[in-house]
Amino acid sequence: MSKIIYVMGYGRSGSTFYESLLQAREDLHGFGEIKYLAERGVLNNELCGCGQPATICPFWANVITELGEWDYAEISRVTDKLESSKSFFNNLRLARCGKLDEEIDLYQRFNYRLFEILGRQGGFVDSSKMPARAFFLAYGRAQPYSKIIWFVRDPRGVAWSCMKDIDRPEAQHAKDAKMPRWGYVPSLIKWLINTYVSHYVALQFADRVVVKRYENLMSEFDLGNATMSSKRVEVLHSISGNPGRFTGGLHVFRLDDAWQKHLSVWQKKLGFLLCTPALRRVSQFERTKY
Ligand SMILES: [Zn+2]
């Protein structure tokens with residue numbers, strides 16, 4: 001199978017930028033958050049990075065034809081269930097009792113078929129991010145991802161982004177037109193759950209996990225308004241991700257640290273106290289440079 005790099009972590013962390021960087025530096029394809037192909041692509045027909053609805057975009061239309069007949073509503077349901085961070089440890093318990101066999105089988109059959117089709121283009125990046133994905137795709141078989149990049153941003157920056165009103169230009173229905181918004185503390189708690197599950201998954205596949213920090217990555221590039229000179233200038237056929245993928249804005253790297261200004265002193269302290277133990281677990285894996 002072709003080389004597949006997985007970007008694991010929490011949303012609003014800058015992973016779409018990282019994906020565009022991997023594309024340019026490593027000569028890999030970026031197909032976005034592939035986990036959403038069933039729900040946002042086939043069922044909701046949201047816009048691909050090329051600006052066309054997923055079922056009309058020539059790239060994804062071909063992939064969907066090649067995939068053949070699937071019950072996409074069921075795939076979407078099973079994906080949500082198995083990739084949930086909140087339910088991860090419960091799912092793990094059910095899986096060990098054999099109670100998820102059928103769902104895991106469908107989930108793996110669909111995704112491995114998809115990987116096979118996408119892999120014909122060469123190596124690629126899957127920035128679906130959910131840690132449980134890297135676990136359940138490898139459940140009872142070998143890990144399909146040759147490298148798992150655990151992408152981490154300061155949780156206070158993540159929480160600040162979760163509190164903002166952000167449009168989703170790819171949406172086809174009014175109900176999906178905005179990214180979900182959360183309060184500061186609920187955002188931190190969701191980040192914490194994701195980070196503990198990511199840590200568990202990282203321990204299982206420690207030999208292929210590398211941590212990348214958003215702040216370090218952006219600082220490398222943020223020399224005023226540094227623009228990446230990309231080897232890949234073609235249109236990105238990506239499912240889901242940062243709205244910047246529609247405007248070519250992913251080639252401009254700038255550290256977004258607005259949270260430092262906007263959050264109050266107590267919010268910052270609370271975030272620090274709540275999240276430091278989890279960040280210590282992240283740093284256990286910060287050893288190799290990718
Ligand atoms: Zn497209």
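**Cavities, cores and rings**

Author: Gladly. A search of the whole structure, which is a predicted model, finds six cavities of 30 Å³ or more.

Reader: What makes the second largest cavity count in that search, and what is its volume?

Author: The volume of the second largest cavity is about 40 Å³. The search takes cavities of 30 Å³ or more, so this one qualifies, since a cavity is a space where a 1.4 Å probe fits but cannot get out.

Reader: Which residues line the second largest cavity?

Author: Among them are G9, Y10, W150, W191 and V282. Strand 4 (147-152) and helix 9 each supply at least two residues of this lining. By class, the lining has six nonpolar, four polar and one charged residues.

Reader: What volume does the largest pocket have?

Author: About 1,400 Å³. Of the 50 residues lining the largest pocket, the closest to its centre are G11, R12, Y36, M179 and P180. Several elements each supply at least two lining residues, including helix 1 (15-26), strand 3 (124-129) and helix 10 (214-221). The lining has 15 nonpolar, 15 polar and 20 charged residues.

Reader: Where is M179, and is M179 buried or exposed?

Author: M179 sits in the loop between helix 8 and helix 9. Its relative accessible area is 17%. Buried means under 20%, so M179 is buried. The C-alpha atoms of M179 and D167 are separated by 6.2 Å, although these residues are twelve apart along the chain.

Reader: Why is C48 called buried, and why is C50 called partly exposed?

Author: C48 has 0% relative accessibility, so C48 falls under the 20% limit and is buried. C50 has a relative accessible area of 24%. That value lies between the 20% and 50% cut-offs, so C50 is partly exposed.

Reader: How many residues does the largest nonpolar core have?

Author: The largest nonpolar core has 70 residues. Those with the most contacts inside it are W60, L67, F88, L118, F136, W150 and W191. Helix 6 (residues 101-119) gives the largest share of this core, nine residues. Apart from this core lies another, of 13 residues, among them V7, F17, Y214 and M218. In soluble globular proteins, nonpolar side chains tend to be buried together.

Reader: How many aromatic pairs does the search find?

Author: The search of the whole structure finds 21 aromatic pairs.

Reader: What makes F59 and W60 an edge-to-face pair?

Author: Their centres are 5.1 Å apart, with 85 degrees between the planes.

Reader: What does the pair of W70 and F110 tie together?

Author: W70 lies in the loop between helix 3 (58-67) and helix 4, and F110 lies in helix 6, so the pair ties together parts that are 40 residues apart in sequence. The pair is edge-to-face, at 5.2 Å centre to centre and 80 degrees between the planes. W70 is buried, and so is F110.

Reader: Which residues do ring pairs link into a cluster?

Author: Ring pairs link Y6, F31, F59, W60, Y112, F115, F124 and Y145.

How values were computed
Residues are numbered from 1 along each chain as its sequence is written. Side-chain values use heavy atoms; hydrogens and water are left out. On a 1 Å grid over the protein atoms alone, a cavity is a set of points where a 1.4 Å probe fits but cannot get out, and a pocket is an open set with protein on both sides within 12 Å along at least five of seven lines; lining residues have an atom within 4 Å of a point. Grid points are joined across faces, edges and corners, and a volume is the space filled by probe spheres set on the points. Helices (H or I, at least four residues) and strands (E, at least two) are DSSP runs, numbered from the N terminus. Ala, Val, Leu, Ile, Met, Phe, Trp, Tyr, Cys and Pro count as nonpolar, Asp, Glu, Lys and Arg as charged, and the others, Gly among them, as polar. A nonpolar core is a set of buried Ala, Val, Leu, Ile, Met, Phe, Trp, Tyr and Cys residues joined through side-chain atoms within 4.5 Å. Buried means under 20% relative accessible area, exposed over 50%, partly exposed in between (1.4 Å probe, protein chains only). Rings of Phe, Tyr and Trp (its six-membered ring) pair if their centres lie within 6.5 Å; planes under 30 degrees apart count as stacked, over 60 as edge-to-face and the rest as tilted.
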